[in-house]
Amino acid sequence: MAPPADLREWIRLLEREGELVRITAEVDPDLEVTEIVDRTVKAGGPALLFENPKGSRHPLLINQFGTERRMALGFGVERLDDLVERVADVLELQPPAGIMDKLRGLQKLKSIAGSGPRSVRSGPCQEVVLTGDDVDLGLLPVQRCWPGDPAPFITLPAVITRDPRTGIRNLGMYRMQVVDRRTTFMHWQIHKDGRADWLATDGRIPVAVALGLDPITAYSASAPLPKHIGELMLAGFFRGAPVELVKAKTVDLEVPAHAEIVLEGYIEKDELGIEGPFGDHTGFYTPPEPFPLFHVTAMTMRRDAIYPSIVVGKPPQEDAWLGKATERIFLPAVRMTVPEIVDYDLPVAGTFHNCVIVSIKKAFPGHARKVMHAIWGLGMLSLSKSVVVVDEHVNVHDYEEVFFYVGANVDPVRDIVLTEGPLDHLDHAPTRQFIGGKIGIDATAKGPLEGTREWPDEVVMSDEVKALVDRRWAEYGIPAHPAEALMQNGAAGKRLRQLVRR
Ligand SMILES: Cc1cc2nc3c(=O)[nH]c(=O)nc-3n(C[C@H](O)[C@H](O)[C@H](O)COP(=O)(O)O)c2cc1C
Ligand SMILES: [Mn+2]
């Protein structure tokens, strides 16, 4: 199943799959949409297309990524776990052994070689072109998300810049507070590539913002790639087709030809204003802080352009699944540098930077500490505030199981690592912004070389007896398999479902 090529194909796919509801009632993008979406996301409900947002002619699409199924559907895969293999396949490419192996290898190389973006002469994103005084952000149904937000914020943009030194293109998802008809803020945080591009200019930097993309390209703007690796290449790889680009009308940049809406403009090196507060994905309002202003010189659109939006706030929200896609997609890259890592999980409730649970093939004393420090040195994972390390047999996605080992295997005096390092821009807990404490919890089984008494065996039934009971189950006359009965209810059921699936 090929992933959708643009937003309209994506909407048609969602509709065919029963994953989208059209809302014809007039709904206010000022707070009302948020409350509807919050309830829908938390109920695992469908994507919503508000066809009559108050004050705008443009429909508003939201909750397109709000479940694992939709996120997988957007990538054209069955489950997000399938993305791990897709990436591992090319990252771990080995010299081929036989002729068949060679052919498969060539196929894989082709899938990377053909993944860069392609320039085209024209695109639907420029069916309507507004420049100068005609530019009016007020035409769009931009949401004010939370009561404490001072203004509407564009929340699902792909912000395009080029590094002025190398020319390398960057896509980043940075929220944009609307200031007036032709101006917004640009909230690129301190660790982000778009900000680095801006800091490298000595005058003004051209910026383009694409809104309303196919799901993979939209996702790619949120992917934490190393600065020299283009997000559009990642998008092309997963799409199985290059992202097509057209020349922007008023700035020297190329923009996705099939976007619904494009904002073109520039940001001055030293023009800052006070952005925020904003009800953020941390579940708290981030306080006002200086950020640069984005001046819009052109607004180009498809006819009847659809405006995409997302609400962040107290988890779980729609962005949980963008984060989970990143967690899966980047696992092979994490394993390239730290091969003893079996799996990891960034709990949604930890808003991604607060906690990483990681399972390892432990091979030597102090190994868990080595892995903690590796994580604190790895890309955006370096911002993780806490790292929990468990042994390879522990299911990192099963938080009850992880809790069991944290409780059972940890001597707090011996197994806790306290250190300091960089923290997420939005973390309000540390005394100073950007830097503070970190905690590592070694919940692996310890050995005498780590200064412990003899470590006891875990309590498990023997395989023979399990097989025997499986064989004889019908004889016992117990109506249903107890696991199936329990699976009907609550937390215990959830845990059992996970155990049964494994
Ligand atoms: C819905 C959503 C909103 C985001 N908003 C911001 C933001 O306002 N500022 C920011 O710096 N990062 C934000 N991020 C995270 C960045 O998009 C992410 O770190 C990405 O890797 C940035 O691209 P870059 O690595 O090329 O800078 C957001 C992510 C998502 C999923
Ligand atoms: Mn980047």
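**Close-up views of a predicted model**

**View 1. Packing of helix H4 against helix H9.** In this predicted model, helix H4 (residues 82-91) packs on helix H9 (residues 319-337) at an angle of about 35°, and their axes lie 7 Å apart. Axes are lines fitted to C-alpha atoms, for helices over the stretch in contact, and angles run from 0 to 180 degrees between N-to-C directions. Helices (H or I, at least four residues) and strands (E, at least two) are DSSP runs numbered from the N terminus. The crossing of H4 past H9 is right-handed, a term for a near helix turned clockwise from the far one by less than a right angle. From H4, Leu 83, Val 84, Val 87, Ala 88 and Leu 91 meet Arg 328, Ile 329, Leu 331, Pro 332, Ala 333, Arg 335 and Met 336 of H9, contact meaning heavy atoms within 4.5 Å. Ten nonpolar, no polar and two charged residues make up this contact; Ala, Val, Leu, Ile, Met, Phe, Trp, Tyr, Cys and Pro count as nonpolar, Asp, Glu, Lys and Arg as charged, and the others, Gly among them, as polar.

View 2. The shell holds 19 residues, of which Met 173, Tyr 174, Arg 175, His 187 and Asp 193 come nearest; a residue is near if one of its heavy atoms lies within 4 Å. By class, nine are nonpolar, six polar and four charged. Strand E8 (169-172) and helix H6 (193-199) each supply at least two shell residues, and the largest share, three residues, comes from E8.

**View 3. Polar contacts of ligand 1.** A polar side-chain atom of Lys 192 is 3.0 Å from a ligand nitrogen atom. A polar contact is a pair of N or O atoms within 3.5 Å. Taken alone, ligand 1 exposes 630 Å², 87% of which the protein buries (Shrake-Rupley method, 1.4 Å probe).

View 4. The Gly 276 to Pro 277 peptide bond is cis, with omega near 0°, and Pro 277 is found in the loop between strands E14 (261-275) and E15 (278-279). The bond from Pro 315 to Pro 316 is also cis, with omega near 0°; Pro 316 is placed between strand E18 (307-308) and H9. Asp 304, in the loop between strand E17 (289-301) and E18, has a positive phi near 55°. Most residues other than glycine have a negative phi, and most peptide bonds are trans.

**Notes.** Residues are numbered from 1 along each chain as its sequence is written, while chains are lettered from A and ligands numbered from 1 in the order in which they are written. Local features need pLDDT of at least 70, side-chain atom pairs count only at pLDDT 80 or more, and totals for chains, interfaces and linings use all residues; side-chain values use heavy atoms, with hydrogens and water left out.

Terms used: A polar contact is a pair of N or O atoms within 3.5 Å; within protein, one must be able to donate a hydrogen and the other to accept it, and residues adjacent in sequence count only if both atoms are side-chain atoms.
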